[in-house]
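Hi there,

Here is the structure I promised to pass on.

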Amino acid sequence: MVSGRRRRRTGLLIAALLLAGACSAGTTATSVPESTTSTSSTTTTTVSNTTSTSGATTTSSSPVGIDAEVLVPDGPGSFPAVVLAHGGSWLFGSPSDIRPLATYLTEAGFLTVNARYKLSNQSPGFPQAVDDLACAVRYAASHPESDGTVTIIGFSAGGHISALVALTGDRYGQDCPYPGTGLPDRFVGLAGVYDVRPLESLLAVFFGQRLEDDPDLWGSGNPQELVGANPLISAYLLHGEADQLINVIFASRFYEGLPAGNGSGLEVIPGADHTAMANPNIVGPFIVQWLKGN
């Protein structure tokens, strides 16, 4: 007879695998109505073997201190920078999962740093995952073709980690070889998790501790409890109305706690599921319009 604890662990693993599969399938085509519901107020780095794509130049070697694919738009700089963080249920995933969105944003005129962060499949991801993305923000701000402004964009689990960087990035990445605070100017969350408590079973691997064993550790990694930590942040949250994995309530509650007057917004896209929030054909126009208006 299988014990209740083993059944529970098996169920959690299945749930994690399902979520990871959905999070890494961001380019699946999804039919979405045209109308949307919106709430808003209103060591040396050697770069080698560059390859050209439509409207972008891609560096094939990763910069010192971070693991990332860097795409620079064609034409004279400087360019506003974006840092992308993929999904994957904190356990899986890579920059390739969100590369179509990176290409889209680069072709729209943004210097794009598609970053890898510490996964939790072998050891806890926290705080190193936040360190990794905070360093990517510093790199993006100091890139010679960046105009110094940085937006961090995260999908699903990457949305959770990116939110932590947006709010508390100055507390992380202290060993990063690039200057700056680690705080981005703007944050875009795509079907993100902004409150870790309802997903305690899944996030125990990220923190390496259960919530009840170290509530302070969990609090330091919970965007919902840190929502006022960076009063200057401007955030744009996009969420699919038909998301069956991460309920839109995560985005709406986080949005309600954001500082007023910074141009933050919440976009709920009718008919869109979880994977649609990484599809550049669906979210790309929203992101570009908001970034160019802020």
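**Notes on the backbone and burial**

Ala-191 sits in the loop that runs between strand E8 (186-190) and helix H5 (200-207). Helices here are DSSP runs of H or I with at least four residues and strands are runs of E with at least two, numbered from the N terminus. The phi of Ala-191 is positive, near 55°, in a residue other than glycine. Ala-191 also counts as buried, at 0% relative accessibility; buried means under 20% relative accessible area, with a 1.4 Å probe and protein chains only.

Please keep in mind that this is a predicted model, where local features need pLDDT of at least 70, side-chain atom pairs count only at pLDDT 80 or more, and totals for chains, interfaces and linings use all residues. Residues are numbered from 1 along each chain as its sequence is written, and side-chain values use heavy atoms, leaving out hydrogens and water.

Ser-89 has a positive phi too, about 60°, although it is not a glycine. Ser-89 lies in the loop between strand E5 (79-85) and helix H2 (99-107), and it is buried, with a relative accessible area of 2%.

Another spot for you to check is the cis peptide bond from Phe-126 to Pro-127, with omega near 10°. Pro-127 belongs to the loop between strand E6 (111-115) and helix H3 (128-142).

As for the whole chain, it has eight helices and ten strands. Of its 294 residues, 52% count as buried. Its accessible surface (Shrake-Rupley method, 1.4 Å probe) comes to about 12,500 Å², and 51% of that belongs to carbon and sulfur atoms.

Best wishes

Key: Buried means under 20% relative accessible area, exposed over 50%, partly exposed in between (1.4 Å probe, protein chains only).
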